[in-house]
Amino acid sequence: MTLKETQKDIVEEFSVYEDWLDKYNYLIELGNELPLMDPAYKNNEYLISGCQSKVWLHAEMKEGKIEFQADSDAIIVKGIVALLVKVMSGRTPEEILGNDLFFIDEIGLRQNLSPTRSNGLLAMVKKMRLYAMAYQAKQQKSNGK
Amino acid sequence: MNKPELMGFDILKIRRDFPILGQQVYNKPLVYLDNGATTHKPRAVIDTMTELQEKHNSSIHRGIHYLSEQMTDRYEKARETVRRFINAASSNEIIFTSGATGSINGAAFSFGEKYVKAGDEVLVTEMEHHSNIVPWQMLCERKGAKLRVIPINDRGELILDSLEHMLNKRTRIVAMVHASNSLGTINPVKQVIRIAHERGIPVLIAGAQMVQHGEVDVRDLDCDFYAFSSHKIFGPTGSGVLYGKEALLEELPPFQGGGDMVENVTFERTTYNTLPFKFEAGTTNFIGAIGLASALDYLEQVGLEGIRQHEAELIRYARVKLGGIEGLQLLGDAPNRISVFSFVLEGIHPYDAGMILDKMGIAVRTGTHCTQPVMDHFGITGTIRASMVFYNTIAEVDALSDGINKAIQMLF
């Protein structure tokens, strides 16, 4: 599935929920299902902190694709983190940089990624893109040799 | 005991006075419990501000034409209203600022310029809002002075014994909050001021939360400075007050330079205007100041005694209701408190609970409330805070309680 298709799937899954509390219940479920992050990475080096909640993000390049691991201490944030990992993990840098995250808007969670919402999510998305850029640059450099 | 109703305190009428309260959020009635962050404005204040801008706007203190004379007059009347409200001795002691933060920064700067030298000490408390920590930190850094902190206990009360030990010959000023925005504690400011004054040390009181809830009499307190914000006392944003004892203010240099605070300007030497204008550089937020005065007038019209009694009822009720929720831990439980309740829910991140409450129409605040040292004291990352004022109701406390129970159900 492409990055776009994965997002469309998510939007469809969420479309059954009209009530906010139902959406949150689903996010809580997703958050609980998110594979545990390697405790070795749950430290200050990988911490993207917001004022309200903490987000940890680790990235690794494996066979041309970026594998993300992430976690948050707030469960609703963790649910959104789970979605972001689902969409972005196992993708090439080009896929990550070449696609926008429309699903956030479409499931109604734009407020969670606004700059005022200091829950670390916006910073996490930025960091994911930065990782993609860094890995892409590294790739291009080694290709150019 | 006089019931608020008997004193003319009509909660339904009061709520109608505040246009913003009647709305729905996410198709649910707004339950606004974030008054510690900012308060709503009564129609009287909104109308005053609109009227000023529609009909009377004009620069103050400078013009000779009709509009400017009128506006100057209203501005100075607003100053007198504030003077009366906090029982200051003279309107020379009332300086209009941009808010409590502006007031404290200004006082710290001016006081520091005159009185703080290398090796001196400034005393604050562990429960301070960042606005009453950072300006003093900055001052201490500039001057090579030392910032010292009066600790709190686990009930959220100041450890007064520490105060006595920490005051010494190098202490230049004590800066403390009247009522804590994160713990709800009302501090024994009169006692602290007396102790400090015995040693000739002045005291600045940060009163932004307190003015919302209780009577502030600066002469009775005998504080040297008192700072508060308009937007926390049902007035407009961008305005506030710094009260300072006249004799002290006379001694201090201004914290901002510019127009109106001067008497005579040449490139060689500039002399300053008299009080209070010395401390009001530029075109002040005169519309905001007059808006603030109209908020104070509104409060007096509602009746301060009725307000206090209603809030006392809210505190009593909320304490019982919140205390009855399993897994809810109140942060700070001083016997003398304002209607601010900070709490944590066992095993639940405050952010998650806050987000769920939000979708039920309940507006609370989550996080550190700009009091990170308080959070550090209790070893937590943040709390959920419900802060009530006189336009909140018992029914809203019930809604909060139900909302918390629902959030616990979803999250635990």
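## Confidence in the model

Chain A has an average pLDDT of 88, and 92% of its residues score at least 70; pLDDT is the predictor's confidence in each residue, from 0 to 100. This is a predicted model, in which local features need pLDDT of at least 70, side-chain atom pairs count only at pLDDT 80 or more, and totals for chains, interfaces and linings use all residues. Residues are numbered from 1 along each chain as its sequence is written, while chains are lettered from A and ligands numbered from 1 in the order in which they are written.

Within chain A, strand S3 (residues 65-72) has the highest confidence, at a mean of 94, and strand S1 (residues 47-49) the lowest, at 81. Strands (E, at least two residues) and helices (H or I, at least four) are DSSP runs, numbered from the N terminus.

## Chain B as a whole

Let's turn to chain B. It holds 15 helices and 17 strands, and its C-alpha atoms fill a box of roughly 70 × 55 × 40 Å along the principal axes.

## A look at helix H12

Glu305(B) sits in helix H12 (residues 304-323) of chain B. Glu305(B) is partly exposed because 14 other C-beta atoms lie within 10 Å. From Glu305(B) to Gly323(B), the separation is 18 residues in sequence and 27 Å in space, C-alpha to C-alpha.

Notes: A residue is buried if 20 or more other C-beta atoms lie within 10 Å of its own, exposed if 12 or fewer, and partly exposed in between; C-beta atoms are placed from the backbone.
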